[in-house]
Amino acid sequence: VTTTYAELSLWIVIPAAMLITIGAALAFVGSLGLVRLASFYERLHAPSLAAGGATLAICLASAILMSQANDQLVLHELVIYGLTLVVTPVSLITLAAAATHRDAVTLPDRQGAQEGLTSMRGGVASSGTTDRPLE
Amino acid sequence: MSATILVVAISAGQLLLVAAMGLAAMRMLRGPRAQDRVLALDTLYVDAMLLLLVTGIRTGTVFYFEAAFVIAMLGFVTTVALSKFLLRGEIIE
């Protein structure tokens, strides 16, 4: 830590330290869910924890500390948060569409796609053909 | 005092983020199908970006921020390109 942080008051440092710790813990929990959850469609939800909460917390902590250390308002970390906020749902939905398509193509009985739909609807198995992808 | 609090919090954050990257790498090596590996790569990108941001707080320079910004943009493009490849078999039709 550079010497400019040493003369900051505790009212600035303690919230920033809490934000850094909370953000890193959220990212860790998201990756833990990526390892521990059972099916792919459950695992798809885990990284949004890192992309949403952890990025917000760490970008806020960085903005607070940089603003206080440089004696001017530094907000360019929030650009990263805005970019991540817009971009993450798009990439995850594209990945989910690709996974559904691959399940419908490679598994003839649509076992994988039904597994995803079942976990999405809270255990109610879908047997109709209305959920078949358009391909 | 405040420097000590910051050093403890930043070190804990870096350790947690490195552990998160290790877990994502484990899923990427193990993951049964290709979409699991793509998802793990996306998580790895986000965690690396956060690690660069925390390191930038530690050193107090803006260069880590620019690297984190580049990683955030490239991670999106990578995930979408790989998803399109899984969906169609080719990226640009």
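**A:Ala69**

I looked up A:Ala69 and found this residue in helix α3 of chain A; helices (H or I, at least four residues) are DSSP runs numbered from the N terminus. The model is predicted: local features need pLDDT of at least 70 and side-chain atom pairs pLDDT 80 or more, while totals for chains, interfaces and linings use all residues. I noted that residues are numbered from 1 along each chain as its sequence is written, that chains are lettered from A and ligands numbered from 1 in the order in which they are written, and that side-chain values use heavy atoms, with hydrogens and water left out.

Which residues does A:Ala69 touch, leaving aside its neighbours within four places in sequence? I recorded A:Thr4 and A:Tyr5, where contact means heavy atoms within 4.5 Å. I also noted A:Leu8, 61 residues apart from A:Ala69 along the chain, with 7.6 Å between the two C-alpha atoms.

**Aromatic pairs**

I found two aromatic pairs over all chains; rings of Phe, Tyr and Trp (its six-membered ring) pair if their centres lie within 6.5 Å, and planes under 30 degrees apart count as stacked, over 60 as edge-to-face and the rest as tilted. One of them joins A:Phe40 to A:Tyr41 in an edge-to-face arrangement, with 5.5 Å centre to centre and 75° between the planes. I looked up both residues and found each buried (under 20% relative accessible area, 1.4 Å probe, protein chains only).

**Cavities**

I searched for cavities, which are sets of points on a 1 Å grid over the protein atoms alone where a 1.4 Å probe fits but cannot get out; lining residues have an atom within 4 Å of a point. Grid points are joined across faces, edges and corners, and a volume is the space filled by probe spheres set on the points. I recorded two cavities of 30 Å³ or more.

The largest cavity has a volume of about 130 Å³. Its lining includes A:Thr84, A:Val87, B:Tyr45 and B:Phe76. I noted that α4 (77–106) of chain A and α2 (34–59) and α3 (63–88) of chain B each give two or more residues to this lining. By class I listed seven nonpolar, four polar and one charged residues (Ala, Val, Leu, Ile, Met, Phe, Trp, Tyr, Cys and Pro are nonpolar, Asp, Glu, Lys and Arg charged, the others, Gly among them, polar).

The second largest cavity has a volume of about 60 Å³. Among its lining residues I noted A:His76, A:Glu77, B:Leu52 and B:Tyr64. Which element gives the largest share of this lining? I found that α2(B) does, with four residues.

Notes: 1 Å grid on protein atoms, 1.4 Å probe; cavity = no way out; pocket = protein on both sides within 12 Å on 5 of 7 lines; lining within 4 Å. Buried < 20%, exposed > 50% of the residue type's maximum accessible area, 1.4 Å probe, protein only.
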